[in-house]
Amino acid sequence: MITLEYPALLPAPRRWVRWILVLALVLLECWLCCWSRKQGRLHATTGVRFDRVLQASELQSALDFTAGEQNEEKIYASFWGEQIDDVGSGTGHKAENVFCIGYYGNAADCLPVNYCYGTAPGTVGEECALSTALAETLFGTDNVTGLQVTLQGKNYTVCGVFPSVDRVLLFPSEKNLTCAELRGISLDAPKTETENWCAAAGLPTPGCILYGPQWVWLCTLFCWGPLLVTGCLLLIGFFRLSRDWPAVWRDFVWLLLALGLALLLPLLLESMPGWLIPARWSDFSFWGNLSARIQEGLQACKYAPVYWRDIGLL
């Protein structure tokens, strides 16, 4: 029989496997952290999709309510709408079937993108932002800040360029607004707060609600997955190791771990959103009702209008 001997400086094959698994978990955790931060930037607001275009009186009513003392929750809204149109340039070039996103409010909330040139346009004025694909089509280059484009006979000065393979234009507008992005909605009761705010602000009933902060919370929770797996493996290894200890020391350490977990439980429950915590833990119907509410929200979003803003940033 042939016996393989390993040099003293090299770990055994099982240790190599363990180190590879640890390295894989570290890389996975780094990727998940980057992905979670991206989701936090893209879904920082609660999205509201209405079934029709907002009227000028409704928009003004929402602005007055937001600035007034009645807005006790300090919820602020930015409005936007999307249409497909043709965009021209001063050089005579023309781009057809451009996703034109008109916004009123905070441009960063209406289109949360990173700019490779310039910055997002302001709340008012005649500035706009282009995607790199649209800039290449109109001017043959992507660094086009300071140049002008034309939409529906009106000129806009380009102040920012963001990366995208689609032709997109972001411009200030008070017309054809069908969506809103809300800041200040809590994690506990987002549906109730959103509907109550829209009713108090004089806006129509939302046709669909996109729960951005709740999605970010779930992404952050998922991001802790590799660390949780590593912690469980270390805990199992510790229990196996402690079996050889004297009974007194083993029981004492296990008691300390149990007390530590008991103290962490309230902090864990406090970090969870209210819609995931039942009023009574003995109410087992809560989970069935929660599943029904989630399916109802998904069904409403399924039949809601599809916008480039919602799918182009994924």
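User: Is Arg 309 buried or exposed?
Analyst: In this predicted model, the relative accessibility of Arg 309 is 7%. A residue under 20% relative accessible area counts as buried. Arg 309 is therefore classed as buried.

User: Which residues are joined with Arg 309 into one salt-bridge network?
Analyst: The side chain of Arg 309 meets that of Asp 310 in a salt bridge, at 3.7 Å from N to O. Salt bridges that share partners extend this pairing into one network. Besides Arg 309, its members are Arg 49, Glu 181 and Asp 310.

User: How many salt bridges does a search of the whole structure find?
Analyst: Side chains of opposite charge can pair when their charged atoms come close. The pairs found include Asp 86 with Lys 94 and Asp 251 with Arg 250. For the whole structure, the search gives 9 salt bridges.

User: What is the relative accessible area of Lys 94, which meets Asp 86 in a salt bridge?
Analyst: The side chains of Lys 94 and Asp 86 meet at 3.6 Å, N to O. Asp 86 is partly exposed, with a relative accessible area of 29%. Lys 94 is classed as exposed, and its relative accessible area is 54%.

User: How far apart are the closest N and O atoms of Arg 250 and Asp 251?
Analyst: Asp 251 is partly exposed, at 44% relative accessible area. Asp 251 forms a salt bridge with Arg 250, and the cut-off for such a pair is 4 Å. The closest N and O atoms are 3.9 Å apart.

User: What distance separates the C-alpha atoms of Thr 119 and Ala 108?
Analyst: Thr 119 lies in the loop between β4 (117-118) and β5 (127-131). This residue, Thr 119, is exposed, with a relative accessible area of 52%. Thr 119 and Ala 108 are 11 residues apart along the chain, and their C-alpha atoms are separated by 9.6 Å.

Conventions:
Residues numbered from 1 in each chain as written. Predicted model: local features only at pLDDT ≥ 70, side-chain atom pairs only at ≥ 80, totals over all residues. Heavy atoms only, no water. Buried < 20%, exposed > 50% of the residue type's maximum accessible area, 1.4 Å probe, protein only. Helix = DSSP H or I, 4+ residues; strand = E, 2+ residues; numbered from the N terminus.
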